Amino acid sequence: MSTALHAWLRYTLALCSHYSGLDGLYRRLSGSGLVILMLHRLREDHDPYPLSVSRGQLRQLVTWLRARSALVGLDDGLQALLPERVQRVHYALTFDDGYRDNLGLIDANLGPVPAVVYVATGHIGGEPIWAYRLVHAVESRSREQLDLGGLGLGHFDLSLADDRHRLYELLPPRLKLLEPAELEAWVDHVCEQARPRPLPHEDREMLEWSDVRRLADRGIEIGGHTCSHAILSRLDDAAASEEIGLSHASIVAALGSAPRHFAYPNGGREDFGERDVRLVRDAGFVTATTSIEGVNRPGADPFRLLRFNVHENRFRAPSGRLSKALFFSETSGMLGWLRELRTA
Ligand SMILES: [Zn+2]
């Protein structure tokens, strides 16, 4: 089935289920739930990766959730899953990595918003995470030719929009397969070839520690996300322990209080294991989120919390606008349940 047709069918199904009350009914019948939304960036300009929403889109989501009194902090949302509590579905907001645009959480006329910002502490006040080092290398390049034959991806002419698009599509998934040091070496190699102009300080991508403190002072919870954003399952025991322990210690040193929440980098089933769950718990964190999709139900493992990835294209109607029907019918868990039925 073509992608456009598929998107249109999904939208129609969402409209039917939302406006007929079916997804609301499903939500009530399926009992208590905590939907954790995983966001990354608040950007107004184009992001080549599906990792951004605009401030306007965030305001829209927050408005919908507040209208249902459904927006809560992560701790309150987990408390509400306890058996003696009224059966309801709550929503919590989380932001990964520590991008400076997350300051929009306190600057975007949202009022106080409960949210967790998970920071990769080694990137605070420093270089962006490799995926955005690549974007910077490409967007601020002073050379157009890029040879990635060594990765089996061939040659790119960065003066061509098609080639740049192809690069963003092919290179990150290829790099994610590599060991952390090898991955960074390839990003360095791209930078050496593209020779990007240095990024002015005001355009820096990541939060500084002073920004992190500003967020914390305004009630945003700061969580851990390792130090270097390495995928934990690729690391030996000592390195994994150091990544997790250092991220915890750096936040304590900067804020004077211990972080409670952690998010596994990349967060897929293959990106962390039993050992990492134990290390995160031993470091002092009390929850950990994944990027595995689903609604958290009573009895959910607090160190394997599910999340829905939210970005500008995720809940978009064919008109291009953020769709309330798509958002609520996807995150009620009903569309996922229907998909499971279909593939069962
Ligand atoms: Zn991340």
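Me: Helices (H or I, at least four residues) and strands (E, at least two) are DSSP runs, numbered from the N terminus. Where is histidine 229, then?

Reply: In the loop between strand E8 (221–224) and helix H10 (237–255). Note that this is a predicted model: local features need pLDDT of at least 70, side-chain atom pairs count only at pLDDT 80 or more, and totals for chains, interfaces and linings use all residues. Residues are numbered from 1 along each chain as its sequence is written.

Me: Is histidine 229 buried or exposed?

Reply: Buried, with 23 C-beta neighbours inside 10 Å. The cut-offs are 20 or more other C-beta atoms within 10 Å for buried, 12 or fewer for exposed, and partly exposed in between, with C-beta atoms placed from the backbone.

Me: What about its phi?

Reply: Phi of histidine 229 is near 70 degrees, a positive value. Most residues other than glycine have a negative phi. Aspartate 97 also has a positive phi, near 95 degrees. That residue lies in strand E4 (residues 89–97).

Me: New topic. At what angle do H1 and H12 cross?

Reply: Roughly 80 degrees. H1 covers residues 3–19 and H12 residues 324–331, and their axes come within 8 Å. Axes are lines fitted to C-alpha atoms, for helices over the stretch in contact, and angles run from 0 to 180 degrees between N-to-C directions. H1 is therefore roughly perpendicular to H12 (65 to 115 degrees; under 35 is roughly parallel, over 145 roughly antiparallel, the rest oblique).

Me: Which residues touch?

Reply: Among them are Tyr11 and Leu15 of H1, and Leu326 and Phe328 of H12. Contact means C-beta atoms, placed from the backbone, within 7 Å.

Key: Contact = placed C-beta atoms within 7 Å.
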